[in-house]
Amino acid sequence: MSMLPADPAPDEQPPVQVRVLAVPKGGASADEYEDAATAQVDTWPVRTAVADGATESVFAREWANLLVEGVTDGPITPTALVNELPTWQAAWAARRDEQAAAAPWYVQAKAEEGAFATLLGFELCADGQWRAVGVGDCVLLHLRDGGIRGTWPVETPEDFTNRPALLPSRPRSDALVQNACRATTGEWQVGDGFLLATDAVAAWLLRSQERSKSPVAPADARTWSLEDFRNAVATARSEGTLHNDDSTLLVLEIAAPLDDSASA
Amino acid sequence: MPLPCRLLSLLFLEPRMPYSAEISRQQPTAILFLLDQSASMQEPFGGAEQTGDAAPSRARVLADTVNDLLQNLVLRCAKEEGVRDYFHVGVIGYGQRVQQLIQPTEEYDPGTGLVPISHLADRPQRMEQRVKEVDDGDGGTTETRVKRPIWFDPRAKNGTPMCQALDLAAQSVRDWIDQHPHSFPPIVVNVTDGEATDGDPLRYAQELRSFATDDGEVLLFNVHLSESEETPVELPSSPSELPSDDEYAEVLFQMSSRLPFSMRSAAEQEGYSVTLDTRGFVFNADPVSLVTFLEIGTRPSNLR
């Protein structure tokens, strides 16, 4: 149950803090990082998103960036996503087709196939509700009181596959996108935290949660600095508990109201 | 992390399975094709005339299939900035001669006959244009012209010196493994339509498969192209699934490696039922089963 009144004025909303923790896959340079994350926290509803560009496509980083910017620019609903997708696809093509035309045969062929990415959009509404929409296996974790209140759309590490649903940068049939697009909703409270994670990080955190002796727990992420995250990722990769993949974690904290936190 | 926690986490590490090495530019894998170029490859696939097909020769179908597969391998590695060397690739033809069909240029010759795939991507023998149907986004299709790289053309002459080809392959992978001891091991795919004419290939196959990286032994898969109308035997787990009167089929079965985990998963996704004993082998392959198997057998795992 929400601790907030049903429809509070925007200036009565608690402060929301967002940090993006990102580490490229090992052995790759920073400019080869193909995840994307963004947050819009200045006005309500607060909107955030993460996306994971598919390695086996070209211009995937640009596609992931267009998706997170696009999805946080409007309501977080499947209808909005399906309606806006052609606009994002046109923007990708406008930027990339000319560049691809002057490139070798393999870049042309890959650009023709288009880029692919998974996407998770998240919205914190002033009425105490949150909404999420997604395609593929980026994961939302809702944290409360030092534990996990829920995860979506993947619940266990075994549920990850090598073939998640993907959003294409070239037009495909609307039905394919509609079938792949999922949505959920819930209620938030002051003090809650939300994590938006790309697949490798999500699988690692969920696996850690299942192991009682694991050195890492999802709730740890609430206090991680980028340095902490880098260290945890490096350790987990070397121990084989985290796949070597671009690793992105967006941490959203709903702080206590300013009056209460002034002394903290 | 406090020391006790770290020790505990080490206790929970699982021993690494073979054939699970990450494939990256720092740690590529190798794919080597052995292609039968004997005189009998001039014939069409079994049953092609009866079904009224235009009946291209088996050599033509094989050259087209392998050119397409090399193109797909390049595309899997292609990024906007260039082709990433996840694979080193070689093609050995055996018929009138036993020879490497893909020659590295002078400035880059690793000495193994296995060429980094970026090198292959930039040096096809020629480019052909072809018309391809693509999804138009409205539930229909539209035609578009695409460029198609050709690395080699069909050949068919003389006998089937498979033992020499396996021996040359063994030299290639041995030298390559010396340079890449931690990689996913080389995958060798032998495509043939007949019996070896230069000895017992099982001995050479066993020698080839005895080479190993830290991640496992060399994988040897065999595809036997159909001369008859018999239904293909795809991915058998036991010799009892093969034609009972065909000793040669059993030799090829014994020559073939078991499919590692990642390829068993790929096979299951293609609708095959597999076991731990499933071999990377197709007997009496038609063009469709040839393409399907090559797709499964050249997908070792995700690229990083």
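Three salt bridges are counted between chain B and chain A. Keep in mind that this is a predicted model. Take one pair by name. B:Arg84 bridges to A:Glu32, and their closest N and O atoms sit 3.9 Å apart. The cut-off for a salt bridge is 4 Å, so this pair counts as one.

Next, polar contacts. Twelve residue pairs are in polar contact across the interface of chain B and chain A, with both residues at pLDDT 80 or more.

Which parts of chain B supply the side that touches chain A? Several elements give at least two residues each. Among them are helix H1 (3–11), helix H3 (117–122), strand S7 (126–135) and strand S8 (141–150). H2(B) gives the most, with four residues. By class, this side of chain B has 14 nonpolar, seven polar and 14 charged residues.

Now the extent. Chain B puts 35 residues into the contact, and chain A puts in 35 residues. The area buried between the two chains is about 3,000 Å². Carbon and sulfur atoms give 51% of that area.

Now to a helix pair inside chain B.

Who meets whom? From H5(B) come B:Pro201, B:Leu202, B:Ala205 and B:Arg209. They meet B:Val251, B:Gln254 and B:Met255 of H6(B). That contact has five nonpolar residues, one polar and one charged.

Methods
Residues are numbered from 1 along each chain as its sequence is written. Chains are lettered from A and ligands numbered from 1 in the order in which they are written. This is a predicted model: local features need pLDDT of at least 70, side-chain atom pairs count only at pLDDT 80 or more; totals for chains, interfaces and linings use all residues. Side-chain values use heavy atoms; hydrogens and water are left out. Contact means heavy atoms within 4.5 Å. Buried area is the accessible area (1.4 Å probe) that two parts lose on being put together, summed over both. A salt bridge is a side-chain nitrogen of Lys or Arg within 4 Å of a carboxyl oxygen of Asp or Glu. A polar contact is a pair of N or O atoms within 3.5 Å; within protein, one must be able to donate a hydrogen and the other to accept it, and residues adjacent in sequence count only if both atoms are side-chain atoms. Ala, Val, Leu, Ile, Met, Phe, Trp, Tyr, Cys and Pro count as nonpolar, Asp, Glu, Lys and Arg as charged, and the others, Gly among them, as polar.
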